[in-house]
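Hi,

Here's the structure I said I'd pass on to you. Have a look at it first, then read my notes below.

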Amino acid sequence: MIIVNDLKPGTTFENEGNIFVVLDIQHNKTAMRQMIVKVKVKNLRTGVINEISFTGGDKVEQAHIDKREMQYLYDTDDALVFMDNETYDQIEIQKDHLEWEMKFMKPNDNVTISMYEGEILGIILPDKVELQIVECEPAVKGDTATSASKMAKLETGLEIRVPLFIEQDEMVVINTADGKYSGRA
């Protein structure tokens, strides 16, 4: 058990059947009242961010999140198949849980899967990934009246804006947090 006064950003805990990770914490103590601890949390099952208030001294159950390195093998009609790099066990994760992550993964990529007591919570993507441009508009010389960028389609199907000097079949670095162009590979 963890006393809520000791929670820090990054700590994971279980409360009312849900698993949360602490994003931010505020302690509010006035002379006449007990301390109020407001914790900004992210629900690891649903991805929803909200705020929970506790009274100082309350306790919550610590949640130990397992992280396993797995290789993305292929996708079926409704799921993605991953293989554990150590045990070679294969697991499937439904596509509807990984809509954002699928934009940055290609077969044979290694990813980190987060699990809690055998339940798969999701995929932890690297901060940046390298992907190849498969379709790209040609740059028009002198076309810089607006921002100097054009649309490009990546090998995973993601469409992004890239600078005019980027051409088809080039490898580019993409930021996985916002899905934007970060540089050449």
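This is a predicted model: local features need pLDDT of at least 70, side-chain atom pairs count only at pLDDT 80 or more; totals for chains, interfaces and linings use all residues.

Let's start with residues 67-121. An unreviewed UniProt entry annotates that stretch as "domain: Translation elongation factor P/YeiP central". The span is 55% strand and 0% helix, and its end C-alpha atoms are 10 Å apart.

Next, the charges. On the surface there's a patch of negative charge, where Asp77, Asp78, Glu92, Asp96 and Glu99 gather. One of them, Asp78, sits in the loop that links strand 7 (66-75) to strand 8 (79-84).

Now for some backbone angles. Most residues other than glycine have a negative phi. Which way does Asn108 go, positive or negative? Its phi is positive, about 80°, even though Asn108 isn't a glycine. You'll find Asn108 in the loop between strand 9 (90-94) and strand 10 (110-116). With 54% relative accessibility, Asn108 counts as exposed, since the cut-off for that is over 50%.

Glu117 is another non-glycine with a positive phi, this time about 50°. Look for Glu117 in the loop between strand 10 and strand 11 (119-124). Its relative accessible area is 67%, so Glu117 is exposed.

Definitions and conventions. Residues are numbered from 1 along each chain as its sequence is written. Side-chain values use heavy atoms; hydrogens and water are left out. UniProt positions are given in the numbering used here, feature names are shortened, and annotations may be inferred rather than shown by experiment. Helices (H or I, at least four residues) and strands (E, at least two) are DSSP runs, numbered from the N terminus. Patches are made of residues with over 30% relative accessible area and no salt bridge: like charges are joined within 9 Å, nonpolar side chains (Val, Leu, Ile, Met, Phe, Trp, Tyr) within 5 Å. Accessible areas come from the Shrake-Rupley method with a 1.4 Å probe; for residues, only the protein chains shown count as cover. A salt bridge is a side-chain nitrogen of Lys or Arg within 4 Å of a carboxyl oxygen of Asp or Glu. Lys and Arg count as positive and Asp and Glu as negative; His and the chain ends are not counted. The place of a charge is taken as NZ of Lys, CZ of Arg, CG of Asp or CD of Glu. Buried means under 20% relative accessible area, exposed over 50%, partly exposed in between (1.4 Å probe, protein chains only).
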